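Here is a walk through one protein model, written for someone who would rather look at side chains than read a table of coordinates. Have the structure open and click along.

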Amino acid sequence: MKKRAYISVFDKTNIVELAKKLSLSGWEIVSTGNTCKILNDSGIKAIESSTITGFKELLGGKVKSLHPEIFAPILADDKERNSLGIEPFSLVIVNLYPFHKYKGVNADISTLLQNIDIGGVALLRAAAKNYKNVTVVCDIDDYNLDFDNIDENTREHLALKVFEKTSEYDFTIFEELIYNFGRTESDNLNDTKAFYLKKINDLRYGENPHQMAALYSYDNQIDYEILNGKEMSYNNILDSTAAINIAAEFYDVNACVIVKHTNPCGVALGKDNEDAWKKALDCDPLSAFGGIVAFTKEIDNNVAKHLVSMFLEIVIAPSFTKEALDILRTKKNLRVIKINTPYEKYSNFVSQELKLTPFGALVQQKDTLELEPDKFKIVTKQRPSQEQVEDMVFAFKVAKHVKSNAIVVAKDLRTLGIGAGQTSRVGAVEIAINHICDSPKDAVLASDGFFPATDNIHLAAQNRIAAIIQPAGSIKDKEVIETANKAGIIMATTGIRHFRH
C-alpha cells in the first residue's frame, strides 16, 4: 500500500523540513492552498487536493478540504479501504487558525469569526477517530517522530492530543464569544458550564503528603514573580490567595495581613508598613509563626529586618527595595513573591468559584460585595463616632475572609482578636475575645452572620465592647437590638452576609 500523507497547516514552522523527510522516505503528499505552494516552491512534490476532489477552493479558501474524496480515505477502516478505489491516507498533519491570539485583545467580531477553523478541526477529529489506521499530528513538537515506524500506542497518544487540542480550541471560542457578545457573569451560570484548565506543573503533594496535586492555568490569572525561596506548595498557594484577598480590600492604604491555614491571624492598617506590621503581629504573635504575610505597599529594609527575625513561609508585596530584597534573601527558604498585578484590579481576576461535591459541582460568583459606611444602618439609640464607623467597616471587611462562624474584634484599624470556623457563634465570640492580649474595652465586633440569640450580646457587654456590626436577619433581631440598647452597645446592621465555608 502506498504511503500517503495529507498536510494542511496554518503555522508553516518546520513544515518544509518535515515534508522533505517524508518525500525522501517515499511518502506521497497531498496538500492544500498556500501549504502546497510552499512545498512545491521548495522543490517538494505535493499534489494539490483540488486535483483529487475535482473542485477548486470556494469562498476565498473557506471550503477546500471538506470533501468525501478527502475524508473517506481518512475515515476508512481496513475493510473499507480495500473498496475505496483510491489510496487511503495513513498520515494527517494539520494545525489550526490561531484563534487564541485574538482572545482577550478586544478583537472585532469579524476577525474572531474569520479565525475559527472549520476544515482543520474536522480533519483532525476524523483522523483521530481512526487512529488505528491513521497517524494524526497537530503539534509541531511531534514532527521529529519516525512516521515509517509508528506503533498503536503512539497513535493513541497523538489522537488524545488532538481531542485535547480541539476541545481547548472550542472552549476558547466559546469563552471569547461570550465576552464579545456582552454576556454578564450571571448569564454565564447557564445550563452548561465549562472550565478549561491546563497543567502548569505538578506539585510535591496536596494538602497532605498522601494526596497528589498539580497547578493548572486558566484564562484570568494574576502576574507575579517568585524572587526567593522554594517553589510554592499546594497549601502555600491557598494561603497566599487568602492573604492577597484581604490585602486587596485595603489596596489604597498601608496594610499588613498575616494568614495561617487560610484564616487571618492579624490584619492592620498603619501610617507605614512597619507600623502596620507591628499592629498585625500584635494581634496573635503565636499564630503568626510560620505564617504568610502580605503588604499593600513596597517593603523597605526596616520592615525586611522585622520579617527575617522570625520564621515565616511567604512574604508578598507589590515591590521591594533592593536593600529589603537582599535582607529577605538571607533566608534561603523564605518565599518572596512580587505581585505585579495592581491590588485594585485583583478582584477582577477570579469572578467565580468552583467546588466539586458528591452531589455535583457547585459554581457561584465570588463574594466581592463591598460595604460602604453610608450603606449600613445604626439600629440602636447610641450613635458611633467617625472612628468607630471606620473600625466597624474595617472589621466587617476582615470578617468577610474568615471561615464561618466568624467574629472579628478590632480597634484603631487593627484586629485584636479573631474567632474563626466555629460551630456556634457565641463560641467564635469567646475565642476572639480570649485572644485579645489587652482589654477589648471600646473595641468593635464584626460578625459574618446574624446573631441567633442574645448570649453573644451579653458576652460582648461583659467585655466592654463598644459597637457591633452584623448583617441582621434573625427572627430575634428585635430582642438582640433591645439587649444592645440596654447594654449601651452601638449596633449597625449591613444587610450583607459573608458566610465562608
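At the start of α16, which backbone nitrogen does a side-chain oxygen of Ser 424 reach? The backbone nitrogen of Gly 427, to within 3.1 Å.

Before going further, some ground rules. This is a predicted model, where local features need pLDDT of at least 70 and side-chain atom pairs count only at pLDDT 80 or more, while totals for chains, interfaces and linings use all residues. Residues are numbered from 1 along each chain as its sequence is written, and side-chain values use heavy atoms, with hydrogens and water left out. Helices (H or I, at least four residues) and strands (E, at least two) are DSSP runs, numbered from the N terminus.

Helix α7 (residues 119–129) is largely enclosed by the rest of the structure, because eight of its eleven residues are buried. Those are Gly 119, Gly 120, Val 121, Leu 123, Leu 124, Ala 126, Ala 127 and Ala 128. Among the elements covering them are β1 (4–9), α4 (68–75), β4 (91–95), β5 and α8.

**The core**

The largest nonpolar core has 44 residues. Such a core is a set of buried Ala, Val, Leu, Ile, Met, Phe, Trp, Tyr and Cys residues joined through side-chain atoms within 4.5 Å. Phe 250, Ile 316, Phe 376, Met 392 and Ile 469 have the most contacts inside it. Helix α15 gives the most to this core, with eight residues.

**Salt bridges**

Count a salt bridge whenever a side-chain nitrogen of Lys or Arg is within 4 Å of a carboxyl oxygen of Asp or Glu, and you get 16 of them.

| Pair | N to O distance |
|---|---|
| Lys 37 and Asp 41 | 2.9 Å |
| Asp 142 and Lys 161 | 2.9 Å |
| Asp 282 and Arg 414 | 3.2 Å |

Lys 37 and Asp 41 are four residues apart in helix α2 (residues 33–41), so about one helical turn separates them. Lys 37 counts as exposed, at 52% relative accessibility, and Asp 41 is exposed too, at 57%.

Asp 142 sits in the loop between β5 (135–137) and α8 (152–180), with Lys 161 in helix α8, so this pair ties together parts that are 19 residues apart in sequence. Both Asp 142 and Lys 161 are buried.

Asp 282 lies in helix α11 (residues 273–283) and Arg 414 in the loop between β17 and β18, so that pair ties together parts that are 132 residues apart in sequence. Asp 282 is partly exposed, with a relative accessible area of 35%. Through shared partners, salt bridges also join Asp 139, Asp 142 and Lys 161 into one network.

**Around His 401**

His 401 is in the loop between α15 (386–399) and β17 (407–410), and counts as buried at 11% relative accessibility. Which side chain does the side chain of His 401 make a polar contact with? That of Glu 249, at 2.8 Å. A polar contact is a pair of N or O atoms within 3.5 Å; within protein, one must be able to donate a hydrogen and the other to accept it, and residues adjacent in sequence count only if both atoms are side-chain atoms.

Leaving aside neighbours within four places in sequence, the contacts of His 401 include Asn 245, Ile 246, Thr 262 and Arg 500. Thr 262 is found in the loop between β9 (254–260) and β10 (263–270) and is buried, at 15%.

The loop that holds His 401 is also the place of Asn 405, and the peptide bond from Ser 404 to Asn 405 is cis, with omega near -5°.

Key. Buried < 20%, exposed > 50% of the residue type's maximum accessible area, 1.4 Å probe, protein only. Contact = heavy atoms within 4.5 Å.
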